[in-house]
Amino acid sequence: MKKHNFSAGPSILAPEVFEKASRALLDFEGTGLSVAEISHRSAEFVRVIERARSLALEIAGLDDTYTALFLQGGASMQFLMVPYNLLERKAAYVDTGTWANKAHKEATLFGEAIVVASSKAEGYKYIPKEINVPTEVDYLHITTNNTIYGTEYHSIPDTKVPLVADMSSDIFSRPMDYSKFDLIYAGSQKNLGASGSTLVLIKKDILGKVSRKLPSMMDYQLHIKNDSMYNTPSTFAVYVNLLVLEWLQAQGGLKAMEVRNRAKADLLYAEIDRNPLLKGYAEKEDRSLMNVVFNLTDESTQVRLDSLCKEANISGVKGHRSVGGYRASIYNAMPIESVQVLVEVLKEFERTA
Ligand SMILES: *Cc1c(COP(=O)(O)O)cnc(C)c1O
């Protein structure tokens with residue numbers, strides 16, 4: 001029986017996506033070949049990656065001053081590709097959690113990378129609002145959703161410098177002005193598909209300004225010139241990206257995603273706030289619509305909640321080791337019915353205390 005999968009990533013995809021992807025693994029669009037064995041240079045696959053690229057730009061509402069790449073190495077590779085390609089003098093980072101911190105650490109290998117705001121001292125429970133960005137920095141880097149601590153930017157800071165964002169865990173979860181950003185990256189395995197590809201949306205005119213020499217695989221311009229096929233892309237992962245983007249549009253696009261995501265998050269946070277055995281982790285105003293993090297008021301009750309979850313066929317709610325407690329990831333593809341099951345379990349947990 002299929003589980004209610006609240007895993008932080010790799011995570012749930014829509015049933016239609018799993019179905020189409022599994023059919024294509026056996027026979028890709030009547031070619032007599034699997035999507036995992038067709039040539040990435042074949043007309044069929046070129047159509048897939050072209051369509052995925054144009055859909056990603058269309059959903060983001062970005063014009064042709066931007067381009068979309070499907071690369072490998074995850075968001076973690078982008079932590080270094082960004083400074084490799086953009087950091088000449090100095091870069092600014094906002095430290096809102098483990099991933100933001102890792103992104104900053106990589107940048108320090110390439111030049112001066114300053115932290116302009118941090119919520120570390122408060123256990124990353126909030127998003128810093130006052131950020132002072134020196135005008136001479138090459139870019140400001142933010143992490144729009146903090147997967148581990150369950151915080152999310154609900155308004156994007158206005159900056160005079162190029163803005164770069166790690167959107168791995170909330171890309172395409174809501175309408176926003178994506179053109180505020182000069183570079184956006186997201187590993188696929190949360191809101192975009194299976195692991196193995198990374199979407200990068202780039203405003204082309206920010207490239208080509210650094211003086212260092214770039215190894216081929218690190219060079220965004222080379223990947224752009226080669227239509228994301230400088231080396232062999234993960235054909236399967238990119239195909240799943242396309243299926244997810246098509247699914248998202250068929251659901252009604254970003255507006256529909258936001259309605260759906262807000263309904264799920266409201267339901268779950270309301271129960272966490274109501275239930276005397278639970279306490280939410282993040283500050284209310286910065287709570288994530290994607291990752292709902294909560295703790296128990298009495299840690300010794302954990303075994304009981306774990307077994308209730310197991311009985312209800314719930315999987316993947318264990319909190320990240322750095323926060324403890326629980327984390328329910330409710331990405332785009334998560335149906336509200338699964339959240340209702342979790343809320344029922346939390347109520348049962350209280351009733352049987
Ligand atoms: C999951 C995650 C990452 C790491 O992604 P990889 O694809 O494993 O490198 C980075 N940033 C954020 C915000 C994430 O949620």
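**Close-up views of a predicted model**

**View 1. Lys-125 is placed over the ring of Tyr-281.** In this predicted model, Lys-125 lies over the face of Tyr-281, at a distance of 4.9 Å from the ring centre.

**View 2. Arg-41 carries a binding-site annotation in UniProt.** The record, an unreviewed entry, places the feature "binding site" at Arg-41. This residue is found in the loop that runs between helix H1 (15-26) and helix H2 (43-60). Arg-41 has a relative accessible area of 52% and is therefore exposed, the cut-off for that class being over 50%. The side chain of Arg-41 makes a polar contact with the side chain of His-40, at 3.4 Å. When neighbours within four places in sequence are left aside, Arg-41 is in contact with Val-46, Met-229 and Tyr-230.

**View 3. Phe-172 and Tyr-178 form an aromatic pair.** A search of the whole structure finds nine aromatic pairs. In the pair shown here, the ring centres of Phe-172 and Tyr-178 are 5.7 Å apart and the ring planes stand at 65°, so the arrangement is edge-to-face. Phe-172 and Tyr-178 are both buried.

**View 4. Phe-294 and Tyr-326 form a stacked pair.** The rings of Phe-294 and Tyr-326 have centres 5.5 Å apart and planes at 15°, so the pair counts as stacked. The pair links distant parts of the chain, with Phe-294 in strand S12 (residues 291-296) and Tyr-326 in strand S14 (residues 326-329), 32 residues apart. Phe-294 counts as buried because its relative accessibility is 2%, and Tyr-326 is likewise buried, with a relative accessible area of 2%.

**View 5. Three aromatic residues form one cluster.** The members of this aromatic cluster are Phe-79, Trp-99 and Tyr-185.

**View 6. The largest nonpolar core contains 58 residues.** Within this core, the residues that touch the most other members are Ile-171, Phe-172, Tyr-178, Phe-181, Leu-199 and Leu-201. Not counting residues up to four places away in sequence, Leu-201 touches several residues, including Ala-56, Leu-57, Ala-60, Leu-62, Thr-67 and Ala-68. Also among the residues touched by Leu-201 are Ile-171, Phe-172, Asp-182, Leu-183 and Ile-184.

How values were computed
Residues are numbered from 1 along each chain as its sequence is written. This is a predicted model: local features need pLDDT of at least 70, side-chain atom pairs count only at pLDDT 80 or more; totals for chains, interfaces and linings use all residues. Side-chain values use heavy atoms; hydrogens and water are left out. UniProt positions are given in the numbering used here, feature names are shortened, and annotations may be inferred rather than shown by experiment. Helices (H or I, at least four residues) and strands (E, at least two) are DSSP runs, numbered from the N terminus. Buried means under 20% relative accessible area, exposed over 50%, partly exposed in between (1.4 Å probe, protein chains only). Contact means heavy atoms within 4.5 Å. A polar contact is a pair of N or O atoms within 3.5 Å; within protein, one must be able to donate a hydrogen and the other to accept it, and residues adjacent in sequence count only if both atoms are side-chain atoms. Rings of Phe, Tyr and Trp (its six-membered ring) pair if their centres lie within 6.5 Å; planes under 30 degrees apart count as stacked, over 60 as edge-to-face and the rest as tilted. A charge sits over a ring if NZ of Lys or CZ of Arg is within 6 Å of the ring centre and within 35 degrees of the ring normal. A nonpolar core is a set of buried Ala, Val, Leu, Ile, Met, Phe, Trp, Tyr and Cys residues joined through side-chain atoms within 4.5 Å.
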